[in-house]
Amino acid sequence: MINKKALLLFAIMWNKEKSENLDKVLKIIENKFGKVLKKTQAFTLSYSSYYEKEMGEGLLKNFFVLDCLIDREESVSLKHFCMNLEDEFRENGGRTVNIDPVYLDEYQVIALSHKYKGSRVYIGKGVYGEIELLYHHGSFQPLIWTYLDYKENIPFFNEVRKYYLEWIDND
């Protein structure tokens, strides 16, 4: 039987000049879902300027793992929560934080988005899921559409997977 629970992560991007908004967002997320257990080092998106028009230059990003297992059925409401949270921190119409919920299970890392593209599957109410990494041959593997930041953090996701497996084995 497939375990319905998945480990909750967030991919959060912010303008380094608005780091106080990241701190506020993390506090809200931790109050709702649980403590941040692990995170990547902050990194830049040197390969893409897609978000700079809206959010400005000097963008940083982290992946955050929370002390929270979710039911996959919560994906739609989870993405809507993140979109509403982004709206709370808008300035002059633009986002100061970009918050994408992500979940990890034994075989997949799934990113949730409200934007359609060919590699995304419609889940409902304007939300799409995309497999960013697939576990195969002892490690997560990227797919042809996987974003570079997920590819570059495969060791992190492999470590998080071990934690997830220990957690669900002890349940």
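Q: Hi! What length should helix H1 span, and which distance separates its end C-alpha atoms?
A: Helix H1 covers residues 19-33, and at 1.5 Å a residue its 15 residues should span 21 Å; the end C-alpha atoms are 21 Å apart, which agrees. The expected span is 1.5 Å times one less than the number of residues. Helices (H or I, at least four residues) and strands (E, at least two) are DSSP runs, numbered from the N terminus.

Q: Before we go on, what kind of model is this?
A: This is a predicted model, where local features need pLDDT of at least 70, side-chain atom pairs count only at pLDDT 80 or more, and totals for chains, interfaces and linings use all residues. Residues are numbered from 1 along each chain as its sequence is written, and side-chain values use heavy atoms, with hydrogens and water left out.

Q: Thanks! Which residues of H1 are buried?
A: Asn21, Leu22, Val25, Leu26, Ile29 and Phe33. Buried means under 20% relative accessible area, exposed over 50%, and partly exposed in between (1.4 Å probe, protein chains only).

Q: Where do they sit around the helix axis?
A: Seen down the axis of H1, the buried residues fall within an arc of 135 degrees, so they line one face of the helix. That arc is taken from the directions from the helix axis to the C-beta atoms. On the other side of H1, Asp23, Lys27 and Asn31 are exposed.

Q: What does the buried side pack against?
A: The buried residues of H1 pack against strands S1 (5-15), S2 (36-39), S3 (59-71) and S4 (97-104), and against helix H3 (75-88). Contact means heavy atoms within 4.5 Å.

Q: Now the core: how many residues does the largest nonpolar one have?
A: The largest nonpolar core has 27 residues, and those with the most contacts inside it are Phe10, Ile12, Val25, Ile29, Phe33, Leu66 and Ile99. A nonpolar core is a set of buried Ala, Val, Leu, Ile, Met, Phe, Trp, Tyr and Cys residues joined through side-chain atoms within 4.5 Å. Apart from it lies another core, of 26 residues, among them Leu9, Tyr51, Leu69 and Val160.

Q: And what does Ile99 touch, leaving aside its neighbours within four places in sequence?
A: Its contacts include Phe10, Ala11, Val25, Ile29 and Leu85.

Q: Switching topic, where is Asn92, and is it buried or exposed?
A: Asn92 is in the loop between H3 and S4, and it is exposed, with a relative accessible area of 86%. Asn92 has a positive phi of about 50 degrees although it is not a glycine.
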